[in-house]
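Here is a short briefing for a first look at this structure. Keep the sequence and the 3D view open while you read.

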Amino acid sequence: MTPMKHAVRVSSFRKSYGGVAAVDGISFDVQMGEIFGLLGPNGAGKTTTLECLEGIRRPDAGSLQVLGVDPARDPRALRHVLGIQLQASGLPADMLVAEAMRFFCAYRGVEPRDDLLERFGLGEKRQSPYRQLSTGQQRRLALALAVAPGPKVIILDEPTAGLDVATRAELHTMMAELKQAGTTILLATHDMAEAEKLADRVAILLKGKIVAIGSPQQLTATGSGLTKISVRTEMGVGDLTEAGLPSAFRLMFKDEYAVIYSEDPGATIVALIKHIEAKKDKLVDLRVERPSLEERFLEITNLGGQA
Amino acid sequence: MRAFATHFAFEFKTGLRNSNQLMINYLFPAGFYAIMGLVMTKINPLFADTMVPSMAVFAIVASTIVGMPGPLVEAREAGIYRSYKINGVPAISILVIPALTTIFHALIAATLIALSAPLLFGGRAPVDWAALALVIVAAAMSCGGIGALISVIAKDTRATVLWSQLIFLPSMLIGGMMIPVDLLPPSIAPLSLLLPTTHAMQAAIGLAFHEETILPAALSLAVLIASSLVSFALATYLFNWDTRNATRRGHPLMALLAWVPFALTILAA
């Protein structure tokens, strides 16, 4: 038997609410062991897609499979292969952390994984009721519960929304560890930096359709192609229009920096340094940045998916 | 089985841990029982004759019809059922286990009342304690089924209060707990037969106290059992996982079918 290549397969999937298409015939695959990011503005269809994969809703058309299991037809089999952290969910306010682990593991038919509570920083909260946990602790508990049965695929819907920087970084580490352990992660997020940092591939959803798909590097490379060059000098950069910078497009000033967008960063930088030397000025800082996924995302969404 | 035991243990503990549930399961019935024992037996000495079943039935109605639906609806609104669904908790467990634990709490409260009323307030003790226990269990199952049904059809917590009070208030006024059914005006007496408390009181008076009743006591007992089966079946059928994802299998008005066993007794009366 050949090992399964695709952890998740979505094909020509459609879902409407009251005649309005929330998802309009999308197709994508998530490969085994990868982190796949599902990006898009509010109402793009991310949560609908995830909820159909989770078996919470039924698709109107198309096919969805998680490790060969159709979520709508075989929800029981789905529970054995899929772990889920929902965007909007909760636990009973009076349920203790350790009790939650026992409760859900009992229904999943596995032994409670108290070690995960320690691993996810909830060891000291074992006897605390759910209502006393911070948002970050609630998210970590949800992740621990999703991971406890040892699923091969995990769906995380906005796992770091509303968390502070430190807690977000902790969760990123945990996700990276899960990936290292061979778990496939389907991650829906608004956080472009998170997707860029963690995801092997991303799909950008807009108005129920996939408008871009690929690795973050591929997506950023297929944008306008402009590289951002920021420069600061001792005397102040001043007016650069006379510098005749080749391939430079936009020029603006921000916090003592001149910011230039260039199609050919090499040529622009060489010309820029020559201009600074000619003015007997001295370079203090020079930064060259490729467009971020966030910039590319905004570019795509602002153009209605035509970029 | 392990899942059932874990879920049951959690729900039972919640009935004690949660201050609102502790209040409605124990403190409210106990307070009302104390007031009725101290005041009502002085105003109306005949009340002592039916005090044991009426206060036990009151504890059951308070827990199951007033207390139980609210937390179930709140859980649905808070997305807790979604967490349950994705973790493989079946719908029937979500309804039946809280109902069973509420019934368990109600039975504890009812037992304490039934045992203490003759000692504390001179309440008349039943002739047949086993029959009283059977009636109390049947009443708890019937009211538990109706509580489960309310939790399923109520759109939100505000509607839950309305539906619960729609059963609770008539039960208090014409359900045989405060005023014996045979003293009700003829125009109202048939309506009282639509209430589970009326049948619980009739069954208790006939089977446990060996007194005359307006209906055969065994019929009232059978109606309580039948209504509990119909209510739980309907509640499971009409169950909705999610307020946002309103795909219900049947119309909420189907819940009225739970009153068919009660309605049939109007014809028999």
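Helix α7 of chain B is mostly covered: 19 of its 25 residues are buried. This is a predicted model, so every value below is computed from predicted coordinates.

**Helix α7 of chain B and the cores**

- The length of α7(B) agrees with expectation, because 25 residues at 1.5 Å a residue should span 36 Å and the end C-alpha atoms are 36 Å apart.
- The largest nonpolar core has 156 residues.
- A100(A), I60(B) and V135(B) have the most contacts inside this core.
- A second core is separate and holds nine residues, including I229(A), V237(A), A258(A) and I260(A).
- Nonpolar side chains tend to be buried together in soluble globular proteins.
- Which residues does A100(A) contact, leaving aside its neighbours within four places in sequence? They are L91(A), M95(A), Y130(A), L141(A) and L145(A).

**Chain A as a whole**

- Chain A contains ten helices and 13 strands.
- Its C-alpha trace spans about 75 × 45 × 45 Å along the principal axes.
- Of the 307 residues in chain A, 42% are buried.
- Take the contacts in chain A with a separation of 6 or more: 65% of them join residues 24 or more positions apart.

**A three-stranded sheet in chain A**

- Strands of chain A form an open sheet in the order β2-β1-β4, with antiparallel pairing.
- The edge strands are β2(A), residues 20–31, and β4(A), residues 61–66; each pairs on one side only.
- From one strand to the next, the twist averages 20°.
- Strand β1(A), residues 6–17, pairs with β4(A) over five bridges.
- V10(A) has L64(A) in β4(A) as its bridge partner.
- Helix α1(A), residues 46–53, packs on this sheet and touches β1, β2 and β4 of chain A.
- The direction of α1(A) makes about 120° with that of β1(A).

**Strand β10 of chain A and its partners**

- Strand β10(A) covers residues 227–233 and pairs with β12(A), residues 257–262, in the antiparallel sense over five bridges.
- K228(A) stands opposite Y261(A) in β12(A).
- Six bridges join β10(A) to β13(A), residues 283–289, and these two strands also run antiparallel.
- R232(A) has D285(A) in β13(A) as its bridge partner.

**Where chain A meets chain B**

- The contact takes 20 residues from chain A and 20 residues from chain B.
- Which helix gives the largest share of the side of chain A that touches chain B? Helix α3(A), residues 97–108, supplies seven residues.
- That side of chain A divides into eleven nonpolar, two polar and seven charged residues.

**F12 of chain B**

- F12(B) is found in helix α1(B), residues 2–17.
- Not counting residues up to four places away in sequence, F12(B) touches T101(B) and F104(B).
- F12(B) and I97(B) are 85 residues apart in sequence, and their C-alpha atoms are 8.9 Å apart in space.

Methods
Residues numbered from 1 in each chain as written. Chains lettered and ligands numbered in written order. Predicted model: local features only at pLDDT ≥ 70, side-chain atom pairs only at ≥ 80, totals over all residues. Core = buried A, V, L, I, M, F, W, Y, C linked by C-beta atoms within 7 Å. Buried ≥ 20, exposed ≤ 12 C-beta atoms within 10 Å, placed from the backbone. Contact = placed C-beta atoms within 7 Å. Pairing = 2+ DSSP bridges. Helix = DSSP H or I, 4+ residues; strand = E, 2+ residues; numbered from the N terminus. Axes fitted to C-alpha atoms, helices over the stretch in contact; angles between N-to-C directions. Nonpolar A, V, L, I, M, F, W, Y, C, P; charged D, E, K, R; others polar. Expected span 1.5 Å × (residues − 1).
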